[in-house]
Amino acid sequence: MGKHLNPLEKEFLIRQYRSNPSIKPKDFCEMHGFSEAAFRKWLKQYEESGLEGLMRADQEFKDTLPEGLDRTEESYKREILKLRIENERLKKTIPFRRTRLGNRSMFA
């Protein structure tokens, strides 16, 4: 029996599997060390209820996400977009200098 995965790890694996349509479920499961039956169960739970569905069986991981957080996929996409925008803004505020080879490096 393999290591117990938390809901976020399961979601990551599901997304990784879905991003590569050429891989067979059996091969993917063998590569990552879990049963195909368990993976099918995760897929069904994820399709029905998203991350919340994966958390249902894991009582100890109920607090993985903060209380009151909208757990829909659209809210995740909005949050990711906000974080990307904030990341780009922060990149522009950090002073850079050119090295002798023309590469950019941060001031130390």
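Leaving aside neighbours within four places in sequence, Phe39 is in contact (heavy atoms within 4.5 Å) with Ile14, Tyr17, Phe28, Cys29 and Phe34. Phe39 lies in helix H3. Helices here are DSSP runs of H or I with at least four residues, strands are runs of E with at least two, and both are numbered from the N terminus. At 1% relative accessibility, Phe39 counts as buried. Buried means under 20% relative accessible area, exposed means over 50%, and partly exposed lies in between, with a 1.4 Å probe and protein chains only. Cys29, one of the contacts of Phe39, is ten residues from Phe39 in sequence; their C-alpha atoms are 7.2 Å apart in space.

The model is predicted: local features need pLDDT of at least 70, side-chain atom pairs count only at pLDDT 80 or more, and totals for chains, interfaces and linings use all residues. Residues are numbered from 1 along each chain as its sequence is written, and side-chain values use heavy atoms, with hydrogens and water left out.

The chain contains four helices and two strands. Their order along the sequence is α-α-α-α-β-β. Of the 108 residues in the chain, 23% are buried. Contacts between residues at least 6 apart in sequence were also examined; 37% of them join residues at least 24 apart. The chain exposes about 8,600 Å², and carbon and sulfur atoms supply 55% of that area. Accessible areas come from the Shrake-Rupley method with a 1.4 Å probe; for residues, only the protein chains shown count as cover.

The largest nonpolar core has 15 residues. Such a core is a set of buried Ala, Val, Leu, Ile, Met, Phe, Trp, Tyr and Cys residues joined through side-chain atoms within 4.5 Å. Ile14, Phe28, Phe34, Phe39 and Trp42 touch the most other members. Helices H1 (7-18), H2 (25-32) and H3 (36-56) are the elements that give two or more residues to this core. H3 gives the most, with seven residues. In soluble globular proteins, nonpolar side chains tend to be buried together.

Aromatic rings are also paired. Rings of Phe, Tyr and Trp (its six-membered ring) pair if their centres lie within 6.5 Å; planes under 30 degrees apart count as stacked, over 60 as edge-to-face and the rest as tilted. By this rule there are seven aromatic pairs. Phe34 and Trp42 form a tilted pair, because their ring centres are 4.8 Å apart and their planes are at 50 degrees. Phe34 is buried at 14% relative accessibility, and Trp42 is buried at 9%. Phe39 and Trp42 form an edge-to-face pair, 6.1 Å centre to centre with 80 degrees between the planes. These two residues are three apart in helix H3, so about one helical turn separates them. Ring pairs link Tyr17, Phe28, Phe34, Phe39 and Trp42 into a cluster.

Helix H1 has twelve residues, which at 1.5 Å a residue should span 16 Å; the end C-alpha atoms are 16 Å apart, in agreement. The expected span is 1.5 Å times one less than the number of residues. Pro7, Lys10, Glu11, Leu13, Ile14 and Tyr17 are buried in H1. They cover an arc of only 160 degrees around the axis, so they lie on the same side of H1. The arc is that of the directions from the helix axis to the C-beta atoms.
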